[in-house]
Structures are given as structure tokens and as C-alpha cells.
Amino acid sequence: IMESKTIYCPRCGRKVTTYDGKSTMNPFAKCKKCKKLVIYDIEHNKTLLKPLPERQTSSGVTFC
């Protein structure tokens, strides 16, 4: 049974993204309040908090 899950920032508790239950890749999103990268680990059912990666291009796109 695939259930969708809402992912919250572990620091401030703000909603960051949702996980649809179908994907095998870990979903990630930026917390707009903390300015951190929030990653949901599917295997361990945990939410991780990491710093944002540095920009690699002048357009402002970050590649994770």
C-alpha cells in the first residue's frame, strides 16, 4: 500500500514537500525559513537536515 507522506523541516516544523510513496529516490527540498536542505530517507524513515550546496552555475541552479 502506497501512502503519501508530508515532509516537515525538523528544525522549524514547516511543511517542505510531500512524498507520494511511489518513488525510490529520496525526496529533497529547501526549507524557506531555515535556508537548509531537507532530505527524507525512505529506507530508514528519517528526515535529515543538511546545508545547501554551493551554486555550480551562474544561473543559480543547485545540483544535488
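Cys31 takes part in none, and its nearest cysteine sulfur, that of Cys12, is 3.6 Å away. Cys31 counts as buried, at 1% relative accessibility. Cys34 counts as buried as well, at 15% relative accessibility. Buried means under 20% relative accessible area, exposed means over 50%, and partly exposed lies in between (1.4 Å probe, protein chains only).

The model is predicted, so local features need pLDDT of at least 70 and side-chain atom pairs count only at pLDDT 80 or more, while totals for chains, interfaces and linings use all residues. Residues are numbered from 1 along each chain as its sequence is written, and side-chain values use heavy atoms, with hydrogens and water left out.

The chain holds zero helices and five strands. Both kinds of element are DSSP runs numbered from the N terminus: helices are H or I with at least four residues, strands are E with at least two. Along the sequence, the pattern reads β-β-β-β-β. Of the 64 residues in the chain, 22% are buried. Contacts were also sorted by sequence separation, a contact meaning heavy atoms within 4.5 Å. Among contacts with a separation of 6 or more, 17% come from residues 24 or more positions apart.

Strands β1 (residues 5–8) and β2 (residues 15–19) run antiparallel and are joined by four bridges. Two strands pair if DSSP finds at least two bridges between them. Ile7 stands opposite Thr17 in β2. The hairpin of β1 and β2 has six residues between the strands. Within this hairpin, Gly13 takes a positive phi near 85 degrees.

The strands β3, β4 and β5 form an open sheet of three strands, in the order β3-β4-β5 and with antiparallel pairing. β3 (28–30) and β5 (46–51) stand at the edges, each with a single partner strand, so one side of each has no neighbour in the sheet. Neighbouring strands of this sheet are turned by 25 degrees against each other on average, direction ignored. Here axes are lines fitted to C-alpha atoms, for helices over the stretch in contact, and angles run from 0 to 180 degrees between N-to-C directions. Strand β4 (residues 36–41) pairs with β5 in the antiparallel sense over six bridges. Val38 has Leu49 in β5 as its bridge partner.

Most residues other than glycine have a negative phi. Lys35, in the loop between β3 and β4, has a positive phi near 60 degrees. Asn45, in the loop between β4 and β5, is not a glycine either, yet its phi is positive at about 55 degrees. Asn45 counts as partly exposed, at 47% relative accessibility.

The largest nonpolar core has nine residues: Ile7, Cys9, Val16, Tyr19, Ala29, Cys31, Cys34, Val38 and Tyr40. β2 and β4 each supply at least two residues of this core. Such a core is a set of buried Ala, Val, Leu, Ile, Met, Phe, Trp, Tyr and Cys residues joined through side-chain atoms within 4.5 Å. Val16 is placed in strand β2. Leaving aside residues up to four places away in sequence, Val16 touches Ile7, Tyr8, Cys9, Ala29, Lys30, Cys31 and Val38. Val16 and Thr6 are ten residues apart in sequence, with their C-alpha atoms 7.9 Å apart in space.

A search of the whole structure finds one aromatic pair. Tyr19 and Tyr40 form this pair, which is tilted, with 5.8 Å centre to centre and 45 degrees between the planes. It links distant parts of the chain, since Tyr19 lies in strand β2 and Tyr40 in strand β4, 21 residues apart. Rings of Phe, Tyr and Trp (its six-membered ring) pair if their centres lie within 6.5 Å; planes under 30 degrees apart count as stacked, over 60 as edge-to-face and the rest as tilted. Both tyrosines are buried: Tyr19 has a relative accessible area of 11%, and Tyr40 one of 6%.

Note on methods. Disulfide = S-S within 2.5 Å.
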